[in-house]
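Visitor: Hi! Could you walk me through this protein, starting with its charged pairs and then its core?

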Amino acid sequence: MTLSLYDARSAADSIWVFLEQDRNSLTEISLELLAKGRQLADQVGWKLGGLILGIRNSELCSEAVAHGADEVWSAEHELLENFTIDAFSTITFEMIMEGKPGVLLFGATPDGRDLAGRLAVRLRTGLNADCTGLRLRPGTGELICDVSGFGGGVLALIEMGDHRPQIATIRPGVFSKTQPDWKRLGELIKFPVLLKAEDIQTRIVKKVSGEGVDLTQVSLIIAGGRGMGGDFGALQKLADILGGEVGATRPPVDDGYIERERQIGQTGVVCSPKIALCCGISGAFHFIVGVEKADIFIAINSDPSAPIFEHADYCVVGDVHTILPLIKEALQTRLAEEI
Ligand SMILES: Cc1cc2nc3c(=O)[nH]c(=O)nc-3n(C[C@H](O)[C@H](O)[C@H](O)COP(=O)(O)OP(=O)(O)OC[C@H]3O[C@@H](n4cnc5c(N)ncnc54)[C@H](O)[C@@H]3O)c2cc1C
């Protein structure tokens, strides 16, 4: 097997997180990874570092420290204003070869996946993609990653042996962010950037922001499955009354009843709402992994032996088309009484 550019003996006792930004704030997945990184670093007595590439990073660096980073490696340059794989992989590679972190974490976002893959090849090390759990073995600092494999039928625990850094991408919504502590102190490492416009092949022509929903950030999800018979309007009405969002299993998405961005599960989004109300859903493993972190899990299903009832806190056996109108009516009566 090819040797990585540095190994376990020469790696520093540190976990680094690649931090993404949106409108001058760190993104939710960045905060989630800082929280998990802090927890792992504390367990083994390591340092937590954050990597920020951009044009004006000072506020982002403070935010990273407030969310747990001990040190922030900051690269500022006008050619780092937008993510381009040429510029970002060049600079992060240089940072990594200087700091030699033992572990390197990325969000499983379009940019995080792109960069992690490129760096793993350049550093000749391993990459565990789309992890849903992370542990560090005390003493050796080996990273153990939970990765679901074979279509979700097995959960594999994967390690990388002697290769460093141990790179992993983590799906948004898997870990919870923590509250910032603005009194925390951290070290700022300003990293010199030598980039020329001709180094960058990508040209940004236009930026288009999606207006879709991000179910990872929603506190009430009303999800429907095949048992809804395609009637997602009924779920939308309830979501409107309660201030929630509608989610779905894969079959109604495949059948075109609802947008793909609302699919929950292994090949959809992983959510951690306060309340998940699941209607006409059988409870297949592929769906459950996307919603099992809900604080309160309610299921409505006409089949009393449906597997979803093994996961639900509240189980309602009955026809969704009878029960949902009753819930809606009760809510409307309650709201009318409160006005
Ligand atoms: C590699 C792979 C990845 C996958 N990824 C995902 C994923 O990300 N997300 C996902 O959801 N699925 C995923 N799937 C599919 C998954 O295995 C299940 O097939 C799917 O979740 C089932 O969806 P469902 O519960 O809506 O449908 P069904 O399994 O058909 O269940 C419908 C349920 O509705 C109930 N029902 C029917 N009529 C009524 C009624 N009138 N009132 C009340 N209850 C009623 C039935 O009793 C039944 O339990 C994946 C599959 C594979 C192989």
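Guide: Happy to; we'll go through some salt bridges and then the nonpolar cores. Keep in mind that this is a predicted model.

Visitor: Great. How many salt bridges are there?

Guide: The count comes to 16 salt bridges.

Visitor: Why do such side chains pair up?

Guide: Side chains of opposite charge can pair when their charged atoms come close.

Visitor: Which residue does Arg-262 form a salt bridge with?

Guide: Its partner is Glu-245, with N and O 3.0 Å apart. Arg-262 sits in the loop between helix 6 (250-254) and strand 17 (275-279), while Glu-245 belongs to strand 16 (residues 245-248), so this pair ties together parts that are 17 residues apart in sequence.

Visitor: Is Arg-262 buried or exposed?

Guide: Arg-262 is buried, at 12% relative accessible area. Under 20% is the cut-off for that word. Glu-245 has 23%, so it counts as partly exposed.

Visitor: And what about Arg-23, which residue is it paired with?

Guide: Arg-23 forms a salt bridge with Asp-22, and their closest N and O atoms are 3.2 Å apart. Arg-23 counts as exposed, at 72% relative accessibility, and Asp-22 is partly exposed at 41%.

Visitor: What does Asp-254 pair with?

Guide: Asp-254 pairs with Arg-260, and the closest N and O atoms lie 2.9 Å apart. With a relative accessibility of 45%, Asp-254 is partly exposed.

Visitor: Which residues are linked in a network of salt bridges?

Guide: One such network links Arg-38, Asp-42, Asp-70 and Arg-184.

Visitor: Okay, new topic. How many residues does the largest nonpolar core have?

Guide: The largest nonpolar core has 33 residues. Those with the most contacts inside it are Ile-15, Leu-34, Leu-105, Leu-134 and Ile-170.

Visitor: Which helices and strands supply at least two residues of this core?

Guide: Among them are strand 2 (12-18), helix 1 (28-44), strand 5 (47-54) and helix 2 (58-66). Helix 1 gives the largest share of this core, 7 residues.

Visitor: Back to Ile-15: what is it in contact with, leaving aside neighbours within four places in sequence?

Guide: The contacts of Ile-15 include Gly-37, Leu-40, Ala-41, Trp-46, Val-103, Leu-105 and Leu-136.

Visitor: And how many residues are in the other core?

Guide: That other core lies apart from the largest one and has 29 residues, including Trp-16, Ala-87, Met-95 and Phe-191.

Visitor: Thanks, that helps!

Technical notes:
Residues are numbered from 1 along each chain as its sequence is written. This is a predicted model: local features need pLDDT of at least 70, side-chain atom pairs count only at pLDDT 80 or more; totals for chains, interfaces and linings use all residues. Side-chain values use heavy atoms; hydrogens and water are left out. A salt bridge is a side-chain nitrogen of Lys or Arg within 4 Å of a carboxyl oxygen of Asp or Glu. Buried means under 20% relative accessible area, exposed over 50%, partly exposed in between (1.4 Å probe, protein chains only). Helices (H or I, at least four residues) and strands (E, at least two) are DSSP runs, numbered from the N terminus. A nonpolar core is a set of buried Ala, Val, Leu, Ile, Met, Phe, Trp, Tyr and Cys residues joined through side-chain atoms within 4.5 Å. Contact means heavy atoms within 4.5 Å.
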